[in-house]
Amino acid sequence: MKQICLLGATGSIGTSALEVITAYAEHFQLVSFSFNQNITLGRQLIKQFNPLYVAVGTEAIASTLQMEFPHVSFGYGVEGLIEAATLSEVELVLTGIMGSVGLEPTLAAIEARKEIALANKETLVMGGELVMAAAAEKQVRILPVDSEHSAIFQCLEGQPKENVSELLITASGGSFRDYTREQLKEVTVKGALNHPNWAMGPKITIDSATMMNKGLEVIEARWLFGLNYDKIKVVLHRQSIIHSMVIMQDGAYLAQLGASDMREPIQYALTYPVRLPIKEPKPFDLARIGSLQFEEMDFVRFPLLKLAYEVGEVGGTMPTALNGANEVAVAAFLEGRISYLDIEYYVQQAVTDHQAQAVVSLEQLLAEDQRVRQSVYNKIKEGERR
């Protein structure tokens, strides 16, 4: 029985992961988990899984739950996440939380020699150099959970690196894939959250619409698979049937495809290298699907994807600036404080203003992250606009 820590238990990744853990209760035990503010669902999960430790968003929530569940240990904030991830009983940490907050507990888990099932893009976008170096030093395996990176990982199994020519990441195009730049001026939060293929959290759904999500995936792929950016391509594939592909030196294309169901990559990361049946699988019939369509990615239509490539090539602290600015801008859009196209504006401005530095420490990355965030927040507050 594998002992699991699940960071982000009440989010979209966490919910799917809990379905897998519940379906195979004889294989997995949830010994620790985290959630931020959803105390109602968090309380239900404590009753259902009886964990040893739970990390929450605030001290007040921790105190409330401690009185209700005296046999469970509670923590809060980043320190709570780190303690949940490094608990001695934990064997594998599934990082399903959203945003830069995932970096510190993931690094701490690696230092504690815990296996990592990685669904937090920002961990490698911000700290790819530090994380991969630590994983190599501690001989810790990082198993990708994002459907695109899991697909590439599966296609690469048993393949020498020299056999690989390119990675091809597929993109659905998000909520506004058929909108012109002019039409994007009028989009609403409600419209942006209506993803055509996947049920995801608000932030990642907005990132899918702006294509920033795909940009973060490109940077993540560079660290996971060790290929240069000119060998990592993105193609528009509206159906989300093929989750990604690997192009071999001899011209062969290896593809991983299946239903739009996050349980599949989550379960594979938890059971690797064993494959277990998905309980109550979603219908998937290639004959009914009939055909698959692909389109070239339009970098003019999706400038944040182009920016992500440029930022990745610069490296250093530049991806940290990109990510921090995007998180602040997306939050402001979701709160109705800026328009949809303003997200692009503030992210591009933050990258232009940032002076990239070589990465030397976690503390440096966190400091730069906070500095960029505060700068973007101030500009939004002041109503700066071109």
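This is a predicted model: local features need pLDDT of at least 70, side-chain atom pairs count only at pLDDT 80 or more; totals for chains, interfaces and linings use all residues.

Reader: Why is Met211 called buried?

Author: Its relative accessible area is 2%, and the term applies to values under 20%. Met211 is therefore buried.

Reader: Where is Ser240 found, and what is its phi?

Author: Ser240 is in the loop between strand E9 (232-236) and strand E10 (242-248). Its phi is positive, about 55°, although the residue is not a glycine.

Reader: How do you know whether Ser240 is buried or exposed?

Author: The relative accessible area of Ser240 is 6%. The limit for buried is under 20%, so Ser240 is buried.

Reader: Why is Ser63 described as partly exposed?

Author: Ser63 has a relative accessible area of 39%. Buried requires under 20% and exposed requires over 50%, with partly exposed in between; Ser63 therefore takes the intermediate label. The residue lies in helix H3 (residues 59-68). Ser63 and Thr210 are 147 residues apart in sequence and, C-alpha to C-alpha, 39 Å apart in space.

Reader: Which residues make the contact?

Author: H9 contributes Lys203, Ile204, Asp207, Ser208 and Thr210, while H10 contributes Met212, Asn213 and Leu216. By class, the residues of this contact divide into three nonpolar, three polar and two charged.

Reader: Why is H10 said to be largely enclosed by the rest of the structure?

Author: Twelve of the 14 residues of H10 are buried, so the helix is largely enclosed. Among the buried residues are Met212, Lys214, Val218, Glu220 and Phe225.

Reader: How does the reach of H10 from its first C-alpha to its last stand against what is expected?

Author: H10 reaches 20 Å, close to the 20 Å expected for its 14 residues at 1.5 Å a residue. H10 is followed by Gly226, which has a positive phi near 70°.

Reader: Why is Glu217 called buried?

Author: Glu217 is found in helix H10. Its relative accessible area is 1%; the cut-off is under 20%, so the label holds for Glu217. Leaving aside neighbours within four places in sequence, Glu217 is in contact with Lys121, Asp146, Glu148, His149 and Ile169.

Reader: What makes helix H5 mostly covered?

Author: Seven of the nine residues of H5 (residues 103-111) are buried. These are Leu103, Pro105, Thr106, Leu107, Ala108, Ala109 and Ile110. Just after H5, Arg113 takes a positive phi of about 65°.

Reader: In what order do the seven strands form the open sheet?

Author: The order is E4-E3-E2-E1-E5-E6-E7, and the pairing is parallel.

Reader: Why do strand E4 and strand E7 stand at the edges?

Author: E4 (73-76) and E7 (142-144) each have a single partner strand, so one side of each is left without a neighbour in the sheet. Direction ignored, neighbouring strands of this sheet are turned by 25° against each other on average.

Reader: How do you know that E3 and E4 pair?

Author: Strand E3 (residues 53-56) and E4 share four bridges in the parallel sense. At least two bridges are needed, so E3 and E4 count as paired. Within E4, Phe74 is the bridge partner of Val54.

Reader: Which strands does helix H2 lie across?

Author: Helix H2 (residues 39-49) lies across strand E2 (28-34), E3 and E4, and runs at about 150° to E2.

Technical notes: Residues are numbered from 1 along each chain as its sequence is written. Side-chain values use heavy atoms; hydrogens and water are left out. Helices (H or I, at least four residues) and strands (E, at least two) are DSSP runs, numbered from the N terminus. Buried means under 20% relative accessible area, exposed over 50%, partly exposed in between (1.4 Å probe, protein chains only). Axes are lines fitted to C-alpha atoms, for helices over the stretch in contact, and angles run from 0 to 180 degrees between N-to-C directions. Contact means heavy atoms within 4.5 Å. Ala, Val, Leu, Ile, Met, Phe, Trp, Tyr, Cys and Pro count as nonpolar, Asp, Glu, Lys and Arg as charged, and the others, Gly among them, as polar. The expected span of a helix is 1.5 Å times one less than its number of residues.
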